[in-house]
Amino acid sequence: MSLHQGRVTAVLGPTNTGKTHYAIERMLGYRTGVIGLPLRLLAREVYDKIVALRGPSVVALVTGEERIIPPRTRYWVATVEAMPVGIGADFLAVDEIQLCADPERGHVFTDRLLHARGLKETLFLGSDTMRGAINALVPRVGFQRRERFSLLTYAGSRKISRMPARSAIVGFSVDNVYAIAELLRRQKGGAAVVLGALSPRTRNAQVALYQNGDVDHLVATDAIGMGLNLDIDHVAFSALSKFDGRRMRRLAPNELAQIAGRAGRYMNTGTFGVTGEAPPLEPEVIEAIEEHRFTPITRLQWRNSRLDFGSAAALIRSLEANSTDQWLMRARDADDLVALKTLAEQPDIIDRLNDARDLRLLWDVCQVPDFRNITAGEHSALLSKLFFHLQDRGHVPDDWLGERIRRIDRTDGDIDTLSKRLAFIRTWTYVSQRKNWVMDENHWQGEARAVEDRLSDALHARLTQRFVDRRASVLLRRLKQKESLVAQVNDKGEVSVEGQFIGKLSGFRFQQDSNATPDEARTLRTAGLAALKPEFSLRADRFYNAPDTEIDFTEQGGLMWGEHAVGKLVKGPDILSPEIKVFVDDEAGPEVAEKVRRRLHHFVERKIATLFEPLLNLRNDETVTGLARGLAFRIVEELGVLPRAMVAREVKELDQDARGMLRKHGVRFGQYNIFMQLLLKPAPTRLRLVLWSLQNGFDTFPEAPPPGLVTVPAIEGVPDGYYEKAGYRLAGARAIRIDMLERLADMTRPMDSRAGFEATPDMLSITGMTLEQFADLMQGLGYKAERGEREKVKPAPTPEAEKAEKAETAEDAKTAPQEETKAEPELAEPTDNDAEKATDAAADSQPAEPGATEPDADAAPEIEVYYTFTWAPKRRAPVHKRRDKAPAKQAGKPRRGKDGSKGKGPRTASARPPRKEKPIDPDNPFAALMALKQKD
């Protein structure tokens, strides 16, 4: 406590007693003075008053984000946190001193109560509940009791629709304030909005709407309870509880009185009451507010101001020290202490703390407020950057600060976006106000102020425009009044309530208007679902009786009713029994959801039974027994299509009777695949891919190829097994449909695959490929394709063609004039393509074989490309099978030549007996090839 102090007086009493006005008068009676106020908005209001009385040249305004300090400053107006307490002013005053008990900021007010003094006079202004605490903590303090100028009486509960003019409705959340303001716009023509987070410029513009009579109602948070002087006749509480930063709690009677006291300024009688969903006030609370009698404050929030900068740990310990005074209670960790603890644990920060000077700088940085209300980690990251810049350079770099201000300098967006930008610019305004933190303080203060002004004007415009939305006002009023809502749904699914469009009903899910703001969305959904309950039941009945032709499934497993998604398939107990997840809003009720689920279940069952009828018949045929039964199980498990290699052993062991049982159900034994021809149609293929994707748990289902294509290009990234389930086999750069692949296998089977064969026109025709594409396909099937070129041989003319040619020649001879001479043959002009062919032919020409006829010297021979295909399968014999073969040849034994002659040395082993030939299996695609190998 300062030893040089004058008279200390506590001016206590309820609201509307003129305490702030009295303090201003006392301050202006001295040569110098300082007054601390609880809000930036109130500080600006008092500053404007004193400037009007003394002029701007002698009045300073100091807040966390604003510093106006003329060279000849005599009077300082500041927020309590920013008060210049050590300048030796003649007068000092602190307003709303009862905030010493506030959990968030109380320790700052308590510090001013204990240590801030004027040289000649000190005033503490506030509630009478502080009398005992001030008397115990401030020696030789005097008290002055002030009575309210006007009466304050309880007016009970009123609907917002019946709220009288010149009323203020108080809410304790931004959403609540906006909702009430919109409702007032609908009912009363508009409302001004006052929030604690508004900039002074925006707040003044909004208050002007109210004070000038443009609107008759004001909607505000409890910020109006801290000394803002407005012409309010009635204050209505829309709620009696608020979130204090940690929990929802009921407001104490003295807190309610602080806000209610804004009604009836000066000599005008004021009233207070409740509205909306707020319950009526208890009689004892009403009496306490009207009589201004409240429970005295017995504990003040306190934080040690004697800080130890010996180390980071010592500083934290000093900040966490407890007081021995029973009136003082250590405050919970404020944002600056939380930030200090976070930064003090970071190694890069610890390495920079070399002395007390570094630690003081870190503590100053930690006191930058979190205006943005971001996470502690994000805020600490910003503080660490500021600390590094200040320690390394001694100031914040201009380019770094300028870039961040430029990002915020945008006036587009809605109210929430502009409010966030205003919160962001407050951080940089605060940084620019700190002494010696920036190189050019005046420049950056001006830059930040200009951006804040532009954002403030834009926010005021949005707030004014926002409350013309009649729709949200109507819905909110009806919901508050618990009146029944009835929705109208047109043929496009558009939902209207009370004639207002609120969204769309898609199937059994309500989608609120996408153009609604975030604040409107909740109201629209609540109102829409409440009004749509009868519609949900009627729609469920129509859906249950709808034919299957109106329902379908998508390739991603969705279930559609017309164009509306009503559910989706999910994995079931087996691949042919998927389960259903319905898309029904919870508010529609469990009966509606169950009815939709049952209808979809019937549809899926019938769809599987129809499209997979051959497969289900095979599964349910009890006459299929033995080995055929096992293979049938595999076929059903693979949904009617599986590579033959997967079941080669099982197929080999089947006798003809077993195969016949399976063929009876449409099972085809192909060279490459075992499949059911009917299940290769587009509809079963589409369903097969969906069921297979469900069983494998894919997030995105691969889609079926377009119907009717024999080959399709290979797709990257598809899961293993996709082509088989799609009815194709991948071979090279393309995949071929398996039924056409088997037709191709039938064509190649008679060919000599060892000596090599060429592609026939029929092979190219059924695949629809060029020769080069066909060669790639064959290589993908295990063949070796050798490319060659040769002179194209014209086909020999048929007898019919020769007769036609002779007849045409005779006809020409009759019609030609006798005296006409034989004309020279006209040479066609060569094209680029002909030249290119001639060049290629010359470059690739080979010596003519003996006996070949020399081509005409005037015409280059036409060259054609051809491919020779030979069977070249990859060896895939597993290790254990290779061990069962004959022992390897011993070292030193010569190998037999291709012609059967002996090699370099005589064979010592006796000749093997001739093998007994086995009958060739007609269903085995490799049987003929194996027979040839055995003969060799």
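Predicted model: local features only at pLDDT ≥ 70, side-chain atom pairs only at ≥ 80, totals over all residues.
**View B. Strand order in the open sheet.** Four strands make up an open sheet, arranged in the order S23-S24-S25-S26. Their pairing is antiparallel. The edges are formed by strand S23 (551-553) and strand S26 (579-582), each of which pairs on one side only. From one strand to the next, the twist averages 30 degrees. In general, the strands of a sheet pair through backbone hydrogen bonds, in either a parallel or an antiparallel manner.

**View C. Pairing of strands S24 and S25.** Strand S24 comprises residues 558-561 and strand S25 residues 564-570. The two strands run antiparallel and are joined by four bridges. Within this pairing, Met560 stands opposite Ala565 of S25.

**View D. Packing of helices H10 and H13.** Helix H10 (residues 335-343) packs with helix H13 (residues 376-393) at an angle of about 70 degrees, and their axes are 10 Å apart. Because angles of 65 to 115 degrees count as roughly perpendicular, H10 and H13 are roughly perpendicular to each other. On the H10 side, the contact is made by Ala339, Thr342 and Leu343; on the H13 side, Ser380, Leu383 and Ser384 take part. Three of the residues in the contact of H10 with H13 are nonpolar and three are polar, with no charged residue among them.

How values were computed:
Residues numbered from 1 in each chain as written. Heavy atoms only, no water. Pairing = 2+ DSSP bridges. Axes fitted to C-alpha atoms, helices over the stretch in contact; angles between N-to-C directions. Parallel < 35°, antiparallel > 145°, perpendicular 65-115°, else oblique. Contact = heavy atoms within 4.5 Å. Nonpolar A, V, L, I, M, F, W, Y, C, P; charged D, E, K, R; others polar.
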